[in-house]
Amino acid sequence: MITALTLAPVVAAVLMLALPEARARAVALVGALVSLALAVWMLVQFDITAAGLQFSEKVAWIPALGVDYFVGLDGTNALVLLLSALLAPLAVAASWQHTDRPRTYFALLSLLFTGLFGTFTALNFFHWFLYWELVLVPSFFLIKLFGKGGERHSAALNFVLFTVLGSVAMLIGFLFLHQQTGTFDFIKLAEKGVPVSPLIFCAILAGLWVKVPLAPLHIWQAPAYAAAPTPVAMLLTGVMSKMGVYGFLRIIVPIFPEQLKQHAGTLMAFALLTILWGAFVALRQTDLKRLLAFSSLNHVAYCVLGVGALGITADGLKVDAHALARQGVILQLFAHGLAAAGLFYLVGLLEERTGLRGRNDFGGLSAVTPRFAAVFFILTFCSLGLPFMAGFAAEFLIFSGTFAVAPGVTVAATLGLLATAVFLLTMLQRVFTGPVNEQNKSMPDLTRNEILILTPIIILVFWAGIYPATWLEFSQKLTQLIP
Amino acid sequence: MTALLTLILSFIGALVCGLMPAGAHRQIRWVALAFATAGLGVSAVCYANYSGGEFADLVEADWIPSLGIGFATGYDGISLPLLLVTGLVAVCGVLFSWTLESRANQFYAFYFALIGGVYGVFLSLDLFLLFVFYEIAVVPKYFLIAIWGGARRQFAAMKLVLYSFGGSALVLLGMLAVFFLAQDANGEALKTFNLLALQQAQIPAAAQQWLFPLIFVGFAIMGGMWPFHTWAPTGHVAAPTAASMLLAGVVMKLGAYGCLRVAVGLLPAGAQAWASWVAVVAVINIVYGALVALKQDDFKYVIGYSSVSHMGFVLLGIATLNLTGLTGAVLQMFSHGVIGALLFALVGTVIYSRTKTRMLDELHRLIDHMPGIAWVFVAAGLASMGLPGFSGFVSELFVLLGAWGSLSGWIVGGAGLGILLTFGYTLVKIHEAFFRERKRPDASQAKTAYPPMTLPEKTGVALLLGAALLIGLCPWLLTDKISPSLKLMLERLAN
Amino acid sequence: MDYQQLLLALLPDLLVVIALFIALGVDYSRLRGSALAKRYQVACQISAAGLIAGLAVLLLQIAGTMPLMKSTADGQLVLNTGTLTLKALLYAMGLGVLPLAKRDPITPQVSEYFALLLLATLGMGFVVTSRNLLGAFVALELVSLSLYAMTVLNQAKRASAEAALKYLTFGAVSSGFLLFGLSYLYGATGKLDLTQMTGLQHSPMLVLAYLLIFVGLGFKLALAPFHLWAPDVYQNAPTPVAGWIGSGSKIAAAALLLALLQPVFDAPKLKAALIPALAALAVLSMVVGNLGALRQTNLKRLLAYSAIANAGYLLVGVVAFSAAGNASVIFYIVVYSLASLGAFGVVAVLTDKLGREAEISDFNGCWNTSPGLAVAFLVFLLSMAGIPPLAGFLGKFYLFFAAIEAVPEAATWVDGFYWLVAFALIMSVVSLYYYLRVLKAFLVVPADNGAAIAPSKIGWATGITLCSLALAVMALGLWPEPFLGLLKN
């Protein structure tokens with residue numbers, strides 16, 4: 001099941017090579033929809049009362065190294081899988097009008113999907129790493145070939161080099177783990193509880209650190225997001241930035257509980273640094289895409305803050321701080337994925353229509369394009385963490401969790417929230433209110449197709465905000481299981 | 001007898017091709033393809049028939065008994081992947097030389113003589129025989145490069161041959177010492193070149209101390225070991241495509257195979273003592289090769305140095321002296337054989353025949369002019385840089401895992417640095433070749449789209465890339481054959 | 001002494017002598033006014049007939065169907081399978097030289113040319129079968145004198161005369177040294193028969209004797225530093241003669257050296273005293289030969305330097321002072337001579353229309369005009385370079401094998417001959433450079449201005465000669481066991 005879901009886009013990509021170029025987009029969409037359908041079906045079937053892995057598949061792969069093909073679904077990855085399976089067809093739909101070498105483009109996009117799905121479902125380091133690296137390749141070329149601006153080459157290269165630097169460190173870390181335990185299996189590694197040197201822990205951490213990213217290894221992010229074509233940027237911010245956090249949840253928390261405990265403070269400090277850094281740098285951005293990139297940096301760092309909280313002992317508290325934080329993190333992944341992807345899509349539309357994406361290039365758009373403005377407002381408010389929207393529920397949970405164990409840091413982090421509010425609202429104000437910029441007067445509003453793309457996002461944003469329980473249920477059992 | 005057919009067929013192929021009229025290049029290439037395919041077929045049959053770790057298909061006969069020389073051939077899990085890669089590269093080499101017209105009969109005569117020698121080395125179970133084939137493989141290289149090569153071919157060919165022979169001189173000396181020093185369990189001198197007998201024999205530990213570096217370095221020169229690697233890039237660059245495919249694909253493996261089979265296999269105590277030095281040199285190979293590749297302007301030099309870098313992993317795997325690392329080394333020999341050959345084929349024939357230049361700064365956004373080829377190259381480049389999913393990753397993983405087991409963490413760290421650099425230069429060079437705007441665009445060249453790949457080219461690419469991908473995804477296809485043999489070998493070494 | 005047996009034993013030589021006289025007689029009497037080509041034709045046929053007849057008898061002797069004494073008095077003739085085989089080989093090679101000599105009518109003194117060739121061959125036959133100081137010396141002088149005379153046969157060429165004079169002077173001096181050495185040896189032992197010289201004791205006199213012998217034979221073998229005549233002679237002598245100097249006379253000299261050293265085998269102290277001298281000669285020859293060859297542009301000169309180097313390798317087997325060492329030396333020199341003769345043969349065939357001494361670059365494009373000859377040359381040169389599976393490789397291998405076998409366990413690098421073998425190996429890598437340079441002209445480079453050098457007509461006799469030499473070189477590499485078995489006796 002999971003294998004089929006993962007491989008559907010690759011099959012589509014192979015088919016594309018055989019079929020005429022004009023069919024490429026349709027094939028890609030079908031592939032992505034198949035994955036989405038499978039994901040939805042699995043989540044519907046998902047037994048929220050059962051502990052442990054579901055839909056798991058395990059086949060011996062390289063017995064000599066103790067490598068199995070091992071995939072499965074549990075509370076940790078159920079939501080991110082859904083998120084990525086949802087954004088995949090949306091990204092294809094968002095690039096429906098793409099005309100430049102469509103076969104190459106959609107094939108790469110499909111490969112990217114497979115990489116993402118695989119990363120979220122693999123439970124053995126061997127093929128997990130395969131997918132982890134596989135994500136890089138198509139995104140590199142998508143940015144490089146189809147991106148905008150002269151900076152795309154260096155942006156793509158920096159993106160890959162940073163990530164690979166982390167990956168190699170992580171690879172070496174896992175080699176060491178394998179040396180100690182003889183297995184690459186995430187679940188088995190968690191059970192064994194290996195004592196490792198701080199160096200190895202740092203090496204593995206580095207791989208995730210770059211991917212999240214956390215300051216100061218985030219500098220590849222903004223240029224890459226800004227240079228990427230819109231649908232790719234949607235995936236980068238919506239899904240790929242979640243890979244790092246997911247890595248924290250899947251690897252750091254279960255396999256290195258001791259180390260996490262030791263270094264939780266440092267980790268939270270860096271998360272805080274990233275939150276503030278992202279927020280305050282975003283204040284000064286005038287390029288909307290870069291602004292959103294930094295906003296994304298800031299939001300994802302909340303997740304790491306939550307992860308840090310999992311490492312701090314929370315005995316004698318009334319609330320189960322760990323459960324809160326964990327569920328918050330998982331929900332935040334989901335919520336931010338939706339909102340950020342949606343916002344990037346909207347900015348992309350803006351750029352497509354006017355050729356501009358400066359914060360100060362627009363004005364009074366709410367009058368010109370009311371529907372566009374409405375959606376933009378909704379998603380921005382979700383990002384802001386307005387109640388009844390997904391972002392609020394998630395951030396609330398995270399903060400309740402972290403406050404219980406680390407009140408100081410949490411309070412400082414709320415400073416970031418404040419700055420977020422400032423730059424997001426400034427953005428709304430500059431773009432949508434005030435006098436209408438002459439050249440944008442005739443900007444068309446959202447078309448039906450575009451609304452169609454945005455609808456699921458809006459629905460889910462509200463659903464998760466108003467009734468988060470539906471989504472939290474998936475991770476409920478999980479939090480009871482693992483200390 | 002089956003396995004012997006590979007080399008018999010190759011030598012017959014050399015003879016047949018050599019005797020055909022020079023003008024009949026159209027017929028010759030089909031004949032050549034037939035012989036190469038037959039060789040691959042035989043290797044595949046060997047592969048299918050083989051199981052367990054012992055030597056199979058043994059053929060033993062007296063040859064020159066007065067010198068203790070016998071004719072003994074056979075193969076085990078270590079030589080099997082190399083037989084396969086030889087067959088594969090031989091077939092693809094013919095495919096990528098499809099348009100060759102000049103002196104085609106002589107070309108294939110030398111080509112098959114080389115291939116026959118290579119098969120012979122992998123099959124020999126007698127040290128003398130192995131050495132004979134090893135040398136047989138050298139001379140045709142000279143002519144292949146010197147006659148059909150590119151710029152500076154005379155120099156490159158001569159350098160390559162002199163390095164090769166320098167190495168084999170060391171080997172010959174070591175081999176003679178092994179012959180006279182090997183004793184059986186009772187301390188009686190064995191006086192045999194038979195590998196099977198020598199593997200059981202004892203060689204005084206003191207002698208191993210100096211014999212090991214002698215033999216190891218002798219073989220490793222052909223394996224591209226730093227600082228004796230300089231023949232490799234110049235040779236690869238000057239060679240015609242089919243020859244550089246063979247050079248990178250299999251000839252460098254001859255050296256590595258010799259290191260493993262002879263140096264490590266017969267001199268365990270020496271290997272133990274020198275392992276860390278070998279590892280250090282291996283890491284230098286990896287890092288140095290990658291760094292130099294980064295600085296090259298000629299596309300073929302990039303690939304040439306990347307070969308040097310990749311062979312470092314083979315040496316590192318050998319230096320681990322444990323099952324995982326050695327498996328990795330053998331796997332890497334296969335993997336680099338396939339991928340290195342593919343890269344040389346792409347750069348030397350597919351791209352060069354269209355652009356007529358290999359200088360990176362003269363290439364101009366090839367991705368627009370030859371998208372299909374560009375993507376194939378990208379895939380090959382990714383395979384070369386060890387992207388998971390391709391054979392390179394699996395083999396490097398095995399090697400690194402093995403290295404954790406027996407060598408210092410610094411070595412692994414150094415290898416990790418090498419991997420990073422590999423990523424770096426691969427991406428940079430892909431960018432320079434396929435994506436970069438040329439500084440002084442040449443109007444006549446910039447507009448034209450190049451013709452797509454021809455059928456032989458496509459077939460060759462599919463074979464090689466397919467093999468890399470297959471082993472990347474299903475490494476057990478080879479490891480199941482390799483590991484039992486290595487295990488036996490390690491057990492013998494432990495005694 | 002049984003004269004009948006002696007007659008039988010010497011029957012091959014007698015046949016050759018008879019042929020020699022017939023050739024002379026026919027040429028002087030009946031063919032005075034005939035065309036040069038015709039005279040060459042007839043002289044060659046008669047000489048060939050003589051050699052073939054001699055060879056046939058030799059083969060019968062080897063096969064044992066002809067009764068003969070094992071050794072005549074004082075070791076004047078030692079006829080056993082080994083020596084007879086060598087003699088037969090020399091006859092066969094001499095037979096091979098004939099068609100080469102016939103191709104190029106360099107001199108009007110036709111019958112003298114062939115008579116000298118036969119005389120040289122005859123002398124070589126005696127050298128390899130003789131174990132008597134005097135007999136061997138006389139035989140060796142017979143060889144040398146014939147070769148001096150043949151070198152100067154091409155009177156049209158000034159350089160030829162100069163080279164011959166040089167050859168003669170050096171040769172005469174070397175004979176003097178050799179004779180000195182032999183007489184000291186006789187003086188020290190009181191015996192002329194080498195087979196009788198047993199239980200030698202170490203004495204300065206003996207060491208001096210052997211050193212003088214080394215000097216003398218060093219000239220014949222072209223060992224450095226006694227090699228100075230070789231390049232000039234090789235270059236300027238008629239090519240077939242140069243080929244015969246570089247092959248047959250080498251076999252004779254090497255065989256004599258081994259025979260002279262045989263008594264030393266049981267005298268460890270003497271052996272120890274002689275080894276450094278031999279090793280030094282070996283090293284020096286390898287260096288001078290190989291480094292000297294690197295700079296040559298004239299093919300025959302290059303082959304001369306290669307001959308010097310090869311003489312150096314030869315001594316690596318000599319220093320082993322063992323049965324295997326002797327066998328390896330004979331094997332090597334035979335193999336080398338076959339290849340050398342072949343190489344000179346190819347050169348002779350290709351250059352007989354050139355009219356001057358060929359530079360290496362003259363052979364550019366041979367692969368196109370005469371591919372067969374190019375391949376044959378490839379075989380000969382690769383064999384000299386020591387590339388398997390050709391015989392030259394096995395020859396070198398056997399030399400090194402024997403040298404290591406002499407002292408296999410070495411505590412330090414100066415013990416045993418590992419260092420000498422290592423040096424020889426390094427030098428053979430160097431040698432590859434110039435061999436390949438020559439082969440490059442033959443097989444790689446296209447002709448300079450479209451006109452590659454080509455023979456007018458190879459002819460069946462030359463063709464068979466070259467083919468059989470090439471086949472022999474290959475066969476001795478691939479299946480040396482029968483020949484090795486013979487040598488071991």
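# Exercises on a predicted three-chain model

Leaving aside neighbours within four places in sequence, C:Val473 has contacts with C:Val335, C:Leu338, C:Ala339, C:Gly342, C:Val379, C:Phe380, C:Ser383, C:Leu390 and C:Ala391. The model is predicted.

## Exercise 1. The nonpolar core

Task: State how many residues the largest nonpolar core has, and which residues have the most contacts inside it.

Solution. 
- Step 1. The largest nonpolar core has 632 residues.
- Step 2. Inside this core, C:Val316 and C:Val473 have the most contacts.
- Step 3. The helix that gives the most to the core is α13 (residues 321–354) of chain A, with 21 residues.

## Exercise 2. Which chains touch

Task: Find which two chains share the most contacts, and describe the side of chain B that touches chain C.

Solution. 
- Step 1. Two pairs of chains are in contact, and chains B and C share the most contacts.
- Step 2. Chain A and chain C have no contact; their closest C-alpha atoms are 40 Å apart.
- Step 3. Between chains B and C, 25 residues of chain B are in contact with 29 residues of chain C.
- Step 4. On chain B, the elements giving two or more residues to this side are α5, α6 (138–148) and α7.
- Step 5. Among these, α7(B) gives the most, with 13 residues.
- Step 6. By class, the side of chain B that touches chain C has 21 nonpolar residues, three polar and one charged.

Task: Describe the side of chain B that touches chain A.

Solution. 
- Step 1. Here 25 residues of chain B are in contact with 25 residues of chain A.
- Step 2. At least two residues each come from α16 (371–384), α17 (391–406), α18 (409–435) and α21 (476–494) of chain B.
- Step 3. The largest share, ten residues, is supplied by α18(B).
- Step 4. This side divides into 16 nonpolar and nine polar residues, with no charged residues.

## Exercise 3. Angles between packed helices

Two packed helices are described by the angle between their axes and the distance between the axes.

Task: Decide whether α3(B) and α14(B) are roughly parallel or antiparallel.

Solution. 
- Step 1. Helix α3 (residues 79–96) and helix α14 (residues 323–355), both of chain B, have axes 9 Å apart and an angle of about 5°.
- Step 2. Angles under 35 degrees count as roughly parallel, so α3(B) and α14(B) are roughly parallel to each other.
- Step 3. Residues making the contact include B:Leu82, B:Val85 and B:Phe96 of α3(B), and B:Met333, B:Gly337 and B:Thr349 of α14(B).
- Step 4. The contact of α3(B) with α14(B) has 13 nonpolar residues, two polar and no charged.

Task: Decide whether α5(B) and α7(B) are roughly parallel or antiparallel.

Solution. 
- Step 1. Helix α5 (residues 127–136) and helix α7 (residues 153–181) of chain B pack with their axes 11 Å apart, at an angle of about 170°.
- Step 2. Angles over 145 degrees count as roughly antiparallel, so α5(B) and α7(B) are roughly antiparallel to each other.
- Step 3. B:Leu127, B:Phe131, B:Tyr134 and B:Glu135 of α5(B) meet B:Ser168, B:Val171, B:Leu172 and B:Met175 of α7(B).
- Step 4. These residues divide into six nonpolar, one polar and one charged.

Task: Decide whether α15(A) and α17(A) are roughly parallel or antiparallel.

Solution. 
- Step 1. The axes of helix α15 (residues 370–384) and helix α17 (residues 407–432) of chain A cross at roughly 170° and come within 10 Å.
- Step 2. The cut-off is again over 145 degrees, so α15(A) and α17(A) are roughly antiparallel to each other.
- Step 3. Residues that meet include A:Phe377 and A:Leu384 in α15(A), and A:Leu424 and A:Phe432 in α17(A).
- Step 4. The contact of α15(A) with α17(A) has seven nonpolar residues, three polar and no charged.

Definitions and conventions
Residues numbered from 1 in each chain as written. Chains lettered and ligands numbered in written order. Predicted model: local features only at pLDDT ≥ 70, side-chain atom pairs only at ≥ 80, totals over all residues. Axes fitted to C-alpha atoms, helices over the stretch in contact; angles between N-to-C directions. Helix = DSSP H or I, 4+ residues; strand = E, 2+ residues; numbered from the N terminus. Parallel < 35°, antiparallel > 145°, perpendicular 65-115°, else oblique. Contact = placed C-beta atoms within 7 Å. Nonpolar A, V, L, I, M, F, W, Y, C, P; charged D, E, K, R; others polar. Core = buried A, V, L, I, M, F, W, Y, C linked by C-beta atoms within 7 Å. Buried ≥ 20, exposed ≤ 12 C-beta atoms within 10 Å, placed from the backbone.
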